[in-house]
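I opened this entry to look up how the parts of the structure meet. I took domains, chains and helices in turn.

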Amino acid sequence: MRIAIHHQLSITPPPETGNMVFQLLMTPRSGATQKVERWSVETTGIGNAARYADAFGNTVHFVNQMRPEGPVGITATGVVETSDRNGVLGKPTGEPVPGLYLRATTLTKVPVTLYGKFRGMKDDRIGLLHALMARVGEVLGGEEMQAGQLQSQDGQSQTQTVGEARKADAALLAHGFIGAARALDIPARYVSGYLLGDGEPPGLHGWAEAYDPGLGWIGFDPYLQICPSEQHVRLCVGLDALSTTPVRAVPDGNGVKTIAVSVEAA
Amino acid sequence: MGDTAPFDEMYDADGTVREPYRALAQWIDEQPEKALSLMQADAEGIFRRLGITFAVYGSDEGTEKLIPFDVIPRIISATEWRRLSKGIEQRVRALNAFLYDVYHRQEILKAGRIPEKLIVNNAAFCPDMMGVDPAKGVYSHIIGVDIVRVGPDEFYVLEDNLRTPSGVSYMLEDREAMMQLAPDLFQRIKVAPVETYPENLRRTLESVAPANVAGTPTIVVLTPGIHNSAYFEHSFLADQMGAQLCEGQDLFVDGGKVYMRTTTGPERVDVIYRRIDDDFLDPLTFRPDSMLGVPGLFNAYRAGNVTLVNAPGTGIADDKAVYTYVPQIIEFYLGEKSILSNVPTYNCTDEDQRAYVLEHIGELVVKEVHGSGGYGMLVGPTSTKAQQAEFKKKIEARPDNYIVQPTLALSTCPTYVNSGIAPRHVDLRPYVLVGDKVRITPGGLTRVALTKGSLVVNSSQGGGTKDTWVLED
């Protein structure tokens with residue numbers, strides 16, 4: 001399906017800032033499950049930006065602004081055509097190698113109680129990953145979880161809208177899934193993206209992908225308890241939510257604020 | 001190893017002077033009484049004038065100290081050096097190939113030669129470096145390989161420092177001082193020059209400028225500032241190369257490129273010899289609280305607009321746990337047997353080896369995997385029972401955090417001490433430059449443990465230095 005996305009953020013640098021530098025991970029790439037029809041990222045200074053691929057294969061815009069005055073706005077707009085492949089992305093053709101995604105990070109630390117009982121299931125990796133997704137949903141997705149408490153897990157300081165709270169929950173579950181998979185020697189990575197919701201408010205979302213030597217990368221959305229569908233638009237991948245932060249800035253003043261996110265069928 | 005008398009580099013067991021030292025021994029014999037003691041006093045004056053000092057971390061005085069210099073040079077024959085330098089070149093080529101591989105396709109891990117998790121889960125592995133293609137494929141351009149000698153033909157590599165090795169200024173100043181103190185000796189003995197180092201450093205740095213640089217690349221030395229223990233060396237090397245010495249605040253990134261603030265406006269920078277640790281290089285990518293680095297520097301690097309020397313993430317190749325695999329690394333990438341040996345190393349995560357280590361800790365040397373400068377280590381034979389008990393506990397708690405090696409009988413060299421000339425233990429750090437080619441300065445920095453019987457040569461722990469002579473044929 002065709003999905004139109006409009007994503008708007010803003011940063012207010014502290015007064016007297018000489019040079020604000022910021023890195024944008026706001027450009028989706030085409031792949032097995034999606035084709036980017038058109039996409040643009042707009043901000044002051046974008047014409048002078050350095051553009052390159054980062055360690056995880058994401059498209060990065062690196063922008064700076066001398067003596068910025070007042071808030072700096074950043075907007076990403078575009079249309080992506082998605083298809084439902086039950087989350088199967090296939091084998092990567094280039095780098096980085098899946099083994100990189102065995103690295104443990106602070107955000108993906110999990111207790112052994114989350115994954116210990118799957119140790120005997122290593123021969124059936126696909127079955128294991130589905131069972132793990134269910135387990136993560138049960139253990140970490142309970143009602144007692146308060147979105148507000150989880151915000152730090154997200155690695156970003158942003159104003160919390162309904163969509164943001166959902167994203168923080170989603171990130172927590174994805175981190176649980178990723179940490180458990182890695183502990184079981186299965187490469188797993190974080191995916192930032194957009195979701196066209198069914199009864200869920202559309203907007204920013206986060207899920208996980210795990211590696212199978214036969215099928216390649218496969219998506220798992222522990223928050224929705226499904227493999228990603230044609231309603232998921234992949235934005236960037238990384239070790240965790242922190243390494244896929246859409247906007248990272250120095251100095252970042254009071255943080256990056258989300259002004260608006262709209263995700264609609266086009 | 002360990003149970004025989006240490007190898008003396010000047011005298012054979014029967015007291016005859018070894019060939020490389022003959023001319024020096026004769027010269028010493030000819031000196032009038034007190035000549036050496038006068039030389040030693042003069043040396044101190046020379047070093048005070050040169051201003052070479054270092055700061056000892058954690059010392060109460062917090063003062064700058066003069067590193068002790070010994071007036072008797074350490075001598076290596078041309079034949080010995082040929083073998084050493086061949087072995088060093090082999091190592092630095094293999095380790096750079098290893099760095100390229102672990103930050104690209106990781107073939108060595110796929111081949112099962114090194115455990116995958118030892119690399120990707122290592123704190124010294126820098127995921128942000130995946131896929132970076134540095135100029136000429138070189139990651140570690142400036143290397144200081146720590147070598148010890150235990151016999152006439154027996155050399156061991158202790159550590160391959162591939163991050164930001166320091167001390168090269170001592171090598172240069174030791175030679176400078178020696179030439180002032182005993183010019184006649186250099187008439188008698190043909191010694192390979194070391195003073196080409198700054199020129200070779202400049203050539204190496206120029207050779208690894210980004211491909212798109214037209215004309216002569218602009219090089220700067222990036223220092224954390226005057227409070228760093230090696231600040232003298234940073235300013236010395238910048239001066240010797242004719243490069244600007246900068247702190248983070250002197251540089252900025254604009255349009256993905258790096259510039260230096262100058263009185264005549266911004267000047268584009270192509271190559272940065274940085275003496276700031278990875279974590280502090282760029283608050284945007286690494287530690288956000290770093291005030292020493294340049295925001296966006298890593299992005300400019302990643303975009304291919306500047307060369308960082310050494311590259312971030314080179315620490316994975318001199319990690320103490322990876323060290324044990326260097327012979328396999330050499331074989332994997334070069335298809336050669338390693339010329340220089342590693343010190344046999346016990347792996348404490350292995351139950352049997354750990355049991356041996358705990359039993360024999362009084363004979364062994366224990367090092368922290370991520371430690372340096374002689375801090376956080378235990379030298380079994382000179383330690384107290386309490387220290388041994390403390391390290392046993394530490395090893396049991398975190399076996400992966402320590403490597404353990406036998407106590408090596410480091411070779412000794414004649415050294416001028418209060419009681420006259422006496423043997424003292426030494427090590428050697430040759431300096432290697434890797435760019436368009438590998439350039440190894442003949443000799444290097446000899447560190448000497450000035451306390452009788454001591455094996456700890458670190459300047460922070462009471463070690464001194466000697467001028468190191470490689471004889472020319």
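Before reading off any domains, I noted that domain bounds come from an automatic or database domain assignment. I also noted that this is a predicted model.

**Domains of chain A.** I looked up the assignment for chain A, and it gives domain 1 as 2-81 + 248-265 and domain 2 as 84-244. I then looked up the contact between them: 20 residues of domain 1 of chain A are in contact with 24 residues of domain 2 of chain A. On the side of domain 1 that touches domain 2, the elements giving two or more residues are β1 (2-11) and β13 (256-265) of chain A. I found that β13(A) gives the largest share of this side, 6 residues. Sorted by class, this side of domain 1 of chain A has 12 nonpolar, 7 polar and 1 charged residues.

**Chain A against chain B.** Here I found 24 residues of chain A in contact with 27 residues of chain B. In chain A, β2 (19-27), β4 (50-53), β5 (59-66) and β12 (247-250) each supply at least two residues of the side that touches chain B. I sorted this side of chain A by class and got 15 nonpolar, 5 polar and 4 charged residues.

**A helix pair in chain B.** I looked at helix α8 (residues 197-207) and helix α9 (residues 231-241) of chain B, which pack at an angle of about 80° with their axes 9 Å apart. Because of that angle, I wrote down α8(B) as roughly perpendicular to α9(B). From α8(B), the contact uses Pro198(B), Leu201(B) and Arg202(B). From α9(B), it uses Leu237(B), Gln240(B) and Met241(B). The residues of this contact divide into 4 nonpolar, 1 polar and 1 charged.

Conventions: Residues are numbered from 1 along each chain as its sequence is written. Chains are lettered from A and ligands numbered from 1 in the order in which they are written. This is a predicted model: local features need pLDDT of at least 70, side-chain atom pairs count only at pLDDT 80 or more; totals for chains, interfaces and linings use all residues. Axes are lines fitted to C-alpha atoms, for helices over the stretch in contact, and angles run from 0 to 180 degrees between N-to-C directions. Helices (H or I, at least four residues) and strands (E, at least two) are DSSP runs, numbered from the N terminus. Angles under 35 degrees count as roughly parallel, over 145 as roughly antiparallel, 65 to 115 as roughly perpendicular and the rest as oblique. Two residues are in contact if their C-beta atoms, placed from the backbone, lie within 7 Å. Ala, Val, Leu, Ile, Met, Phe, Trp, Tyr, Cys and Pro count as nonpolar, Asp, Glu, Lys and Arg as charged, and the others, Gly among them, as polar.
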